[in-house]
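Please read the points below with the structure open beside you.

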Amino acid sequence: MIGQIVKKQALILLRNPIQILLLVGLPIILIAILSTALGGMMMGGGSPNIHVKVALVEHGDEEEEIQRFLGELEDEGMPREAIKEMETGIEQMAPVSMLKDEVFGSEEAREFVELHEVEATELTEIWDDNSYTAVVEVPENFTYESLEYLVLNHNSQPVLEVSQNDEQQIGPMIVNEILTQFQEQLTLGAFLQKNGIEQGAIQVDEGIFTGEALTLDQENPIGSQEYYAVGMTVMNVLFIASTIGTIAFMEKKIHVFDRIILGNVSRWEYFIGVLLSGTLFSFIHLLIVYGFSWIVYGVKWPNLLSFFTVTASLAIAIGGIAVLLTAISYRFNSEMITNFFSGIVVTLMAVLGGSFFPIGDSSAFIQMLGNLTPNGAGMSSYLMILRGDDIGEISHHVLFLVLFAATSIIIAAISFPKRGRAV
């Protein structure tokens, strides 16, 4: 009997070609429009507009600390000729000057890094300015202790104090990466100088290598077409749930559900039939849209096992929403909740989940909220698959989808009216 209920739901849907056109055609049209209009903002469709504003605060005087270090070497009896020879090398590896001129001030960094040298007295004002990505503080005696560590092999390594803007996500990561590379280059330069090795001796001729350079943790960069193929699909599949809920409530209004109950069919068979209908139709919907995206836009899935796992999990979650909407509308004898879901909730979930724009990149909190929606968790999983991640790295999103589906089904089962109240 469950199979007959699923078949009946499918026939009702097939007899409404306009509804099918909206469910399948709308995401395809939106993929074409958004990937073209907003492609320049995506990583694969153009250069991302990244702006990092950094405040640099020096609590000491670098030149004074260099002279103090050289003076102490002379006091310890080092020959003046050796000190003179060392002075040239020390000036070349002065850490704060390197950080300002060769790191943040390099031609490549100036394209997206805005460096401001500020006084220590301005720190309170800087911390209250939300436009700053990070504040880098150079402690007093930093240069002096760095020279002791690099030249005299002292065990104590000085550190920079970095304060980050938690409301920004990408910028602080960039600053951390820049400072990490600066530390590595500074240590390497000191090692080469102390051992009399020229810099050119460790440089590799890039011409001997062939192939394509790829960004770490992103084996396959995401383009605008891939992004919006996923975004529009996971958004529009939510309408399957409201469509199934609408069909089920219509059957209650025209007494189809009553006749099923009077035919001595368990209400749980009808309940499972609605659940399976939502899951099956959602799965087919996802395959159709992604199949079209593969044929027309070239959106290919590097790991089919991961793709089908996420697709099945998302379809089950949509089926859970469908049966939940059905149960609530039956309980209150009103289609209002289904209309509210399709008109308001779907839009909010799409925005939070990043269907229109990667809003989670601007805030870790918003990204967390987005991943707590079925479409957001599905979208994160699909994008990770497109980047080349395996199933183990998306398992937490899959687990969330399964738990979301189970929770929705349990709440729907509790809300579903008993035989006496269903008629």
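1. An axis here is a line fitted to C-alpha atoms, for a helix over the stretch in contact, and the angle between two axes runs from 0 to 180 degrees between their N-to-C directions. With that in mind, look at helix H13 (residues 267–297) and helix H18 (residues 395–415) in this predicted model, where the two axes come within 12 Å and cross at roughly 150 degrees. The crossing of H13 with H18 is right-handed.

2. Which residues of H13 and H18 meet? On the H13 side they are Trp268, Phe271 and Leu275, and on the H18 side they are Ile409, Ala412 and Ala413. By class, the residues of this contact divide into 6 nonpolar, no polar and no charged. As background for the spacing along a helix, an α-helix has 3.6 residues a turn, so residues three or four places apart point the same way.

3. The UniProt record, an unreviewed entry, places the feature "transmembrane region" at residues 20–43, 227–249, 270–292, 304–328, 340–359 and 398–416. Two of these spans can be compared with the model: residues 340–359 are 70% helix and 0% strand, with end C-alpha atoms 24 Å apart, while residues 398–416 are 95% helix and 0% strand, with end C-alpha atoms 27 Å apart.

4. The chain as a whole has 19 helices and 4 strands, and 43% of its 423 residues count as buried. If you consider the contacts with a separation of 6 or more, 81% of them are made by residues 24 or more positions apart.

5. The largest nonpolar core holds 61 residues, of which Val230, Tyr290, Trp301, Leu314, Ile318 and Tyr382 touch the most other members. Helix H14 (residues 304–332) supplies the largest share of this core, 12 residues. Isoleucine 318, when its neighbours within four places in sequence are left aside, is in contact with Val237, Leu238, Ile240, Ala241 and Ser282. A second, separate core has 19 residues, among them Val52, Met98, Val103 and Ala109.

6. Tyrosine 132 is 81 residues away from histidine 51 along the chain, yet their C-alpha atoms are separated by 9.9 Å.

7. Finally, how many of the 10 residues of H8 are buried? The count is 8, and H8 is thus mostly covered. The buried residues are Phe142, Thr143, Tyr144, Ser146, Leu147, Glu148, Leu150 and Val151.

How values were computed:
Residues numbered from 1 in each chain as written. Predicted model: local features only at pLDDT ≥ 70, side-chain atom pairs only at ≥ 80, totals over all residues. Heavy atoms only, no water. Helix = DSSP H or I, 4+ residues; strand = E, 2+ residues; numbered from the N terminus. Left-handed = near helix turned anticlockwise from the far one by under 90°. Contact = heavy atoms within 4.5 Å. Nonpolar A, V, L, I, M, F, W, Y, C, P; charged D, E, K, R; others polar. UniProt positions renumbered as here; feature names shortened; annotations may be inferred. Core = buried A, V, L, I, M, F, W, Y, C linked by side-chain atoms within 4.5 Å. Buried < 20%, exposed > 50% of the residue type's maximum accessible area, 1.4 Å probe, protein only.
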